[in-house]
Amino acid sequence: MKYFFLVGILLASFSLFGQNKKEKKAIKTYGIKSVIENVTETVNGKETTRKDSYTAYDKNANIILNEEYRKDGTLKHKETAKYDSKGNKLEETVFDAAETQLNAEKNVKKVCKYDSNDNKTEELEYDGSGKLVAKTQSSFNSNGDKILEVVYDATGKLTKKIIYIYNAKGLKVEKKEYDGANMLVSDRKYTYEY
């Protein structure tokens, strides 16, 4: 019974919030290596059970494999990830099977770099053939707050730039987003109430 309760908490966490500290703690505490989600449905009075998803973890409770299946049992979505010893995601692959013949399959791989403070400073995104499609670089201030994010396409052309501004308390007060022509497209301002 305890196991089913834990699995319920974990699955609710995945669908609503992604992986969080509480979930990781539970995975470590119970030594969980993987979670299989089975669904039993009743159609015309007949019960059928099928695997809906499969999630595997490394020894640090990071998700290293997540698979989701269609009702016919075929693979619908798959994600894999590799982490460094600090838990930083170094590499991520995402595969989405086409839902119709008109929709091509999506197959993406991301490779990340971090600075000495574990801030993600670069993310390279590749398509299914291994071709670079986007490059994102980020800069951080001495407090570890992201102050700049720039995105380039495969040719090295700037496609997006985001500037983050913080107040003296280190709280984000403004986020300015620019397009590839360096034109301001949105300006978000944050107000805190104490």
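Q: Which residue takes a positive phi in the hairpin of β6 and β7?
A: In this predicted model, the hairpin of β6 and β7 has five residues between the strands. The two strands run antiparallel and are joined by six bridges, with Tyr-114 standing opposite Lys-120 in β7. The residue of this hairpin that takes a positive phi, near 65°, is Asp-118.

Q: What is the bridge partner of Val-94 in β6?
A: Strand β5 covers residues 89–96 and strand β6 covers residues 106–114, and six bridges join them in an antiparallel arrangement. Within this pairing, the residue of β6 that partners Val-94 is Val-108.

Q: Which residue in the turn between β11 and β12 has a positive phi?
A: β11 and β12 run antiparallel and are joined by five bridges, and one of the pairs links Lys-175 to its bridge partner Arg-188 in β12. The two strands form a hairpin with four residues between them, and the turn residue with a positive phi of about 65° is Asn-182.

Q: Which residues of helix α2 are buried, and which are exposed on the other side?
A: Helix α2 spans residues 21–30, and its buried residues are Glu-23, Ala-26 and Ile-27. Seen down the axis of α2, these buried residues fall within an arc of 100°, so they line one face of the helix. The helix is followed by Gly-31, whose phi is positive, near 65°. To name both sets, the buried residues are Glu-23, Ala-26 and Ile-27, and the exposed residues on the other side are Lys-21, Lys-22, Lys-25, Lys-28 and Thr-29.

Q: How many residues lie between β10 and β11 in their hairpin?
A: Seven bridges join strand β10 (residues 158–166) to strand β11 (residues 172–179), and the two run antiparallel. Tyr-166 stands opposite Lys-172 in β11, and Gly-170 in the turn has a positive phi of about 85°. The number of residues between the two strands of this hairpin is five.

Q: How far from Asp-145 is the nearest side chain of opposite charge?
A: Asp-145 is found in the loop between β8 (132–140) and β9 (146–153), and, leaving aside its neighbours within four places in sequence, Asp-145 is in contact with Ser-139, Phe-140, Tyr-166 and Gly-170. Asp-145 is buried yet has no salt bridge, which by the cut-off used here would require a side-chain nitrogen of Lys or Arg within 4 Å of a carboxyl oxygen of Asp or Glu.

Terms used:
Residues are numbered from 1 along each chain as its sequence is written. This is a predicted model: local features need pLDDT of at least 70, side-chain atom pairs count only at pLDDT 80 or more; totals for chains, interfaces and linings use all residues. Side-chain values use heavy atoms; hydrogens and water are left out. Buried means under 20% relative accessible area, exposed over 50%, partly exposed in between (1.4 Å probe, protein chains only). Lys and Arg count as positive and Asp and Glu as negative; His and the chain ends are not counted. Contact means heavy atoms within 4.5 Å. The arc is that of the directions from the helix axis to the C-beta atoms. Two strands pair if DSSP finds at least two bridges between them.
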